[in-house]
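Dear colleague,

I am passing on the structure below, together with some notes on what turned up in it. Please read the notes with the coordinates open beside you.

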Amino acid sequence: MIVHTPAELAAARGALSGTVALVPTMGALHEGHRSLIRAAREIADHVVVSVFVNPLQFGEKADLDRYPRTLEADAAICAEEGVALVFAPSAADMYPREPVVTVSAGEMGTVVEGASRPGHFDGVLTVVTKLFGLVRPDSALFGQKDAQQLAVIRRLSEDLNLGVRIVACPTVREADGLALSSRNRFLSPDERVTAVALSRALFAGRDAVELGPAGVLAAAGAVLDAAAKAEPPLDRDYLVLADSVTFSPVTAGHSGPAVLAVAARVGETRLIDNLPLEF
Ligand code: AMP
């Protein structure tokens, strides 16, 4: 069943008895989203999928306008996967007026991906808080693909005592390693060839883990440098090793878990990827 307004959602949600797991998405669903929905079905009686391209988390209006919207296909995938409710509100349904109160990710929202996209994580946390309030889920599932988003949402639920269990799901990849993303559809065949360098760089970094943080960054960086000379070229935004909890950069002598994170533009398309590593 698909509902659009908060009032429709409240009525349909009220009719669900037992536990509810929420899978928040921006639509254009792919196998990565499907894996979240399947994991959600394992842990709850009912699954709610939200499909909302949240204007608050987009810096550039052009990026927001260009974001793919495929609600009919998304609803069909949800039906196939046994989703109880699809919540697909309009921007006016979610923000009938300019919000006065929003949620801030603090320091964590200003580093790594947040340094490239000011305000992005505040927008994410604000919409996720609203979705938690609307859906009142027992648990919510998020992909490791967006590792910093996962980390700030864990802090959201803990710091504000929202009582929602946050569940992480592994990144689903194409056979050659490229992480699935709704933005991959924008890549031309040539750009798609260049884009595989993101995951190759991460795997090269992982293979160098015995060399420590500097060795990992050098190995991954070499792959990105080579791709920068490809045609079409890869334009690196960042390659960082970050603490998996705070997302601040790790230092040379770091031991324990860390996330190797990369962002790059290929043509007009900005892609991100990451791998959790253990030092
Ligand atoms: P999005 O629609 O891009 O906002 O993503 C919705 C959810 O799906 C987020 O929790 C993402 O981290 C997750 N997701 C996106 N791509 C993948 C992927 N390739 N593998 C696993 N989860 C993903």
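**Salt bridges and helix packing**

Arg236 has a relative accessible area of 35% and is therefore partly exposed (buried is under 20%, exposed is over 50%, and partly exposed lies in between, with a 1.4 Å probe and protein chains only). This is a predicted model, in which local features need pLDDT of at least 70 and side-chain atom pairs count only at pLDDT 80 or more, while totals for chains, interfaces and linings use all residues. Residues are numbered from 1 along each chain as its sequence is written, and side-chain values use heavy atoms, with hydrogens and water left out.

The side chain of Arg236 meets that of Asp225 in a salt bridge, at 2.8 Å from N to O (the criterion being a side-chain nitrogen of Lys or Arg within 4 Å of a carboxyl oxygen of Asp or Glu).

Across the whole structure, the search finds 14 salt bridges. One of them joins Arg265 to Glu60, whose closest N and O atoms are 3.9 Å apart; Arg265 sits in strand E8 (residues 257-266) and Glu60 in the loop between strand E3 (46-51) and helix H3 (61-66), so this pair ties together parts that are 205 residues apart in sequence. Arg265 counts as partly exposed, with 32% relative accessibility. By contrast, the salt bridge between Lys61 and Asp65, with closest N and O atoms 2.8 Å apart, stays inside helix H3, where the two residues are 4 residues apart, or about one turn of the helix. Lys61 counts as exposed, at 59% relative accessibility. There is also a network of salt bridges, which links Glu31, Arg34, Arg38, Glu80 and Glu81.

Turning to the helices, the axes of H10 (residues 197-207) and H11 come within 7 Å and cross at roughly 155° (axes are lines fitted to C-alpha atoms, for helices over the stretch in contact, with angles from 0 to 180 degrees between N-to-C directions). H10 and H11 are therefore roughly antiparallel to each other (under 35 degrees is roughly parallel, over 145 roughly antiparallel, 65 to 115 roughly perpendicular, and the rest oblique). Among the residues that make this contact are Ala197, Leu198 and Ala201 of H10 and Val216, Val223 and Leu224 of H11 (contact meaning heavy atoms within 4.5 Å). By class, the contact of H10 with H11 has 10 nonpolar, 1 polar and 1 charged residues (Ala, Val, Leu, Ile, Met, Phe, Trp, Tyr, Cys and Pro are nonpolar, Asp, Glu, Lys and Arg charged, and the others, Gly among them, polar).

Helices H7 (residues 120-135) and H8 pack with their axes 10 Å apart, at an angle of about 50°, which makes H7 oblique to H8. In this contact Phe121, Val124, Leu125, Val128 and Thr129 of H7 meet Gln148, Gln149, Val152, Ile153 and Leu156 of H8, and the residues divide into 7 nonpolar, 3 polar and no charged. Gln149, which is placed in helix H8 (residues 147-159), counts as buried at 18% relative accessibility. Leaving aside its neighbours within four places in sequence, Gln149 is in contact with Phe121, Val124 and Phe142.
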